[in-house]
Amino acid sequence: MKIVVAGGSGFLGSLLCGMYAEDGHDVRVLTRSLPPGRLEHDPGTGMPGITRVGWTSTASDAALVTAIDGADAIVNLAGAPLPDARWTKTRKRALRDSRVLATEALAMAIARASQRPRVFVSASGAGYYGHRGDEPLTETADPGDDFLARLCVEWERAAEAASADGTRVVCLRSGVVLERTGGALPKMSLPFRFFAGGHIGAGRQYVSWIHQLDWVELVRWVVQDESVRGPVNATAPHPVTNAEFSRALGRALHRPSLIPVPSFILRAALGEMADMLLTGQRVIPARARQGGFHFRYPEIEIAFRGIFGE
């Protein structure tokens, strides 16, 4: 297959692209580090392997249409990282534009391609559901009304535009993706390594998480299973409270989990972004489970044993 991945150089995209390349697929990584339309093959990835293709997130980018023409699948992971800076008005605009404008450009390029992809898998987030306490949330639940929820709604709407041209569209509402050397886990682990770990705020808010390998396999399953369309919760079957998550992390690192982070300190340090940590969603991957997807790491203790090798 020819697989085109926007955001394929990041924490999730690099593993996904590497696995596809190892299986002998033609992987094209859309990157802004090259001029639009320029191609560079990654050495050591074999043939067809991984080829980087310059692009811009503008709807008029003819090179983007050329890059995706004839692709079997497009995976859209483009977007500025959420926790990298305080959510000022400027930062919120950057978070929105990096996701929505890129997705709109890809959807428009799909419409202009002479041979359109069979499936368009576009990232979204568990933040779609807003602040819902301990309510179990499947893909049929309504969206929330905070900044992240509104962003996810707009993001998914931009992706769904591609379905008008006959392409199957899947929006992945990902939880916290866990892996030892990337994503959120290294920062979450740091206080524990200094014997200063503990739950955040009251600790009752739910953490919807997924192991990185399960996330990658879920994307590959979505690409292959033509019956899957619409929203898919990319989370493990057993979300846990923040207090349970912290205790499990402490046990995995052989550290105590005794020093909570008070809400007021987090809000003072992070501003509105603290809401992402102090409120949560209890997200259930109903579509994946109904479709027969097998999670290697369904429970947090199993996931941490796999991550930390114990």
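In this predicted model, the largest nonpolar core has 42 residues, of which Leu172, Trp215 and Leu218 touch the most other members; such a core is a set of buried Ala, Val, Leu, Ile, Met, Phe, Trp, Tyr and Cys residues joined through side-chain atoms within 4.5 Å, where buried means under 20% relative accessible area with a 1.4 Å probe, protein chains only. Helix H6, residues 212–224, gives the most to this core, with seven residues; helices (H or I, at least four residues) and strands (E, at least two) are DSSP runs numbered from the N terminus. Apart from this core lies another, of 23 residues, among them Val4, Leu64, Leu106 and Val169.

An open sheet of three strands has the order E10-E9-E12, with mixed pairing, two strands being paired if DSSP finds at least two bridges between them. Strand E10 (182–183) and strand E12 (209–211) stand at the edges, each with a single partner strand, so one side of each is left without a neighbour in the sheet. Strand E9, residues 176–179, runs parallel to E12 and is joined to E12 by three bridges, and Val176 has Trp209 as its bridge partner in E12.

H6 packs on this sheet, touching E9 and E12, with contact meaning heavy atoms within 4.5 Å.

Local features here need pLDDT of at least 70 and side-chain atom pairs count only at pLDDT 80 or more, while totals for chains, interfaces and linings use all residues of the predicted model. Residues are numbered from 1 along each chain as its sequence is written, and side-chain values use heavy atoms, with hydrogens and water left out.

Note on methods. Buried < 20%, exposed > 50% of the residue type's maximum accessible area, 1.4 Å probe, protein only. Axes fitted to C-alpha atoms, helices over the stretch in contact; angles between N-to-C directions.
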